[in-house]
Amino acid sequence: MFSPENLKRVEELRQHYPHSQALVLPVLWLAQEQFGSISTETMRYVADLLRVPFSHILGVVTFYTMFHQKPTGKHHIEVCTNISCMLRGSGILLQYLEQKLGIKPGETTADGEWTISEVECMGACGGAPMCAVGEEYHENLTTEKLDRVLAGLEKH
Amino acid sequence: MEKLLLPDTKDLHKVDVYEAHGGYKAFRKALGMKPEEVTDEVKKSGLRGRGGACFPTGLKWTFMPKQTTKPKYLCVNGDESEPGTFKDRQIFEFNPHLLIEGTLIACYAMGITTAYIYVRGEYGKWIRMLERALADAYQRGLAGRNILGTGFSTEIVVHKGAGAYICGEESALMNSIEGERGYPRVKPPFPAQYGLWGCPTTINNVETISNVPWIITNGWEWFSKIGSPKHPGPILVGVSGHVNKPGVYEMPTGVPLLEIIHKYAGGVPGNKGIKAVIPGGSSTPVLRGEQLEGVCMDADSMKAAGSAVGTAGLIVMDEDTDLIAVLARIAEFYHHESCGQCTPCREGTGWLEKILKRFQSGQGKQTDIDMLMDIANNIEGNTICALGDAAAWPVQSMIRRFRDEFEKRVKLQRIPAEEEAA
């Protein structure tokens, strides 16, 4: 169930689009923000809320890479390995991160703290190599700088 | 050249500062003109789209029907996902009001009552910056109902993507706004006839729209004299890869690529030679370092050199770069991002990736080179949208221009095997 704030937000969103199906992406974003991931129950809930078939919601959730059906770790580190980052050493960074955390891309540490993902271009090629943690971009990374980023996150 | 899109003015993202520097004057001026006059001004300016296709913007606007009972829409494309492209993010962060003002002018010119600014989901932080700026514009009565008492109304909505390169393709973008999977549509019908919810729609890139206020302020003649006559205006060039100072640089169109690399971006680290350059984002055909002399950042010059301006995301690769690894990574990207509707792209991009990864790991065969070319040729032009072409062009151009690299790799691999046999 959505929080009262999110229900209010859904009503506001309805003003911006002529058809409720257009709310699928914005509402799935709200759901992911509130619940951390989008479970089957959440999809059913969104389907009912927007009067859209469940199969449609499932289709959308599985199409877009940013919607997660399973919860990620508390800190989700997304490392870009596309060309501009690759040319500037993203491979070394990813390897370093894998060794440091003992997990592979797509995995979460046993304590649920860290998830690593290898991602496509994030639009930060001028600051390559980079990673994103949540919405925060960390650019011009070296292994030392990455250590500092991780240390900073550990405190939270 | 004075910087127009990304000037150095401090705090320009704030509405007060933006207005103090002449912001929203272009919009006020446009409101005093007839809508057709605004479109005409943009048409005569020669502005061409900055999202990759270089299509004349004003001409696109004229495709919108004047007499229609349906609502009309504008989509501003800020999906920015082409590898090597990172320019629109600068506009969201440093000059969001320029984008909003351009959007308002475009809406007025085409009689549009709702504009959706579609921004890729990864830019969550920048979406908030844009939304803050938009809230200020609304508060000042510059957007919404009965703008500045003129009776003209238009809503601007920021729509957040969710991680799909294909949504930068205009028809996939519309489907995404409609709450669908990002599947491109068959054209025709074109968006101006049958776009969002079947209504007339225009789709323009963020940077394109951000040029519009300047055209209105200073006139089409002034704009048409900036840079290359057939592709005029300022352009944001993103330089990445092996350069000393990667970043987004604003310049007039038509600056030589070598000047961009050496003057703007500080040259190649260690003064190494340039082996290859991808001039306009990962889908544009690769150029050999030796052929860069005289090639400029405008549509004609780039076409003559056998490539394209694309999104002006210039990726520089020094003499030590493993181009097969680069191409394998590009192929992996297009395979990952193919939406899966069309067989040539869905299957072909996977084959390209597989063969190139095989090459990369030392298992490439001489016949693979022609097979890669054959697959790419069979994808190009045989799909609903241009993603298929975008996947094919890097492979075709890389093999055409660097066949020696592929053949060398095959030979290198052969030697140990032959020794083993002996």
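In which sense do strand E9 (residues 274-278) and E10 of chain B pair, and over how many bridges? E9(B) and E10(B) pair in the antiparallel sense over two bridges, and the views below place this pairing among its surroundings.

This is a predicted model, in which local features need pLDDT of at least 70 and side-chain atom pairs count only at pLDDT 80 or more, while totals for chains, interfaces and linings use all residues. Residues are numbered from 1 along each chain as its sequence is written, with chains lettered from A and ligands numbered from 1 in the order in which they are written.

**View 1. The five-stranded sheet of chain B.** This open sheet has the order E8-E7-E11-E9-E10, with mixed pairing, where two strands pair if DSSP finds at least two bridges between them. Helices (H or I, at least four residues) and strands (E, at least two) are DSSP runs, numbered from the N terminus. Strand E8 (247-252) and strand E10 (287-288) of chain B are the edge strands, each pairing on one side only. Within E10(B), B:Leu287 stands opposite B:Val277.

**View 2. A helix across the sheet of chain B.** Helix H11 (residues 257-264) of chain B lies across strand E7 (234-241), E8, E9 and strand E11 (313-318) of chain B, and runs at about 65° to E7(B). Axes are lines fitted to C-alpha atoms, for helices over the stretch in contact, and angles run from 0 to 180 degrees between N-to-C directions; two residues are in contact if their C-beta atoms, placed from the backbone, lie within 7 Å.

**View 3. A parallel pair in chain B.** Strand E2 (residues 114-119) and strand E3 (residues 155-160) of chain B run parallel and are joined by six bridges, and B:Tyr116 has B:Val157 in E3(B) as its bridge partner.

**View 4. The four-stranded sheet of chain A.** The order of this open sheet is E2-E1-E3-E4, again with mixed pairing, and its edge strands, each of which pairs on one side only, are strand E2 (114-119) and strand E4 (136-138) of chain A. Strand E1 (residues 75-80) of chain A runs parallel to E2(A), to which six bridges join it, and the bridge partner of A:His75 in E2(A) is A:Trp114.

**View 5. Where chain B touches chain A.** Here 44 residues of chain B are in contact with 32 residues of chain A. On the side of chain B that touches chain A, H13(B) gives the most, with six residues.
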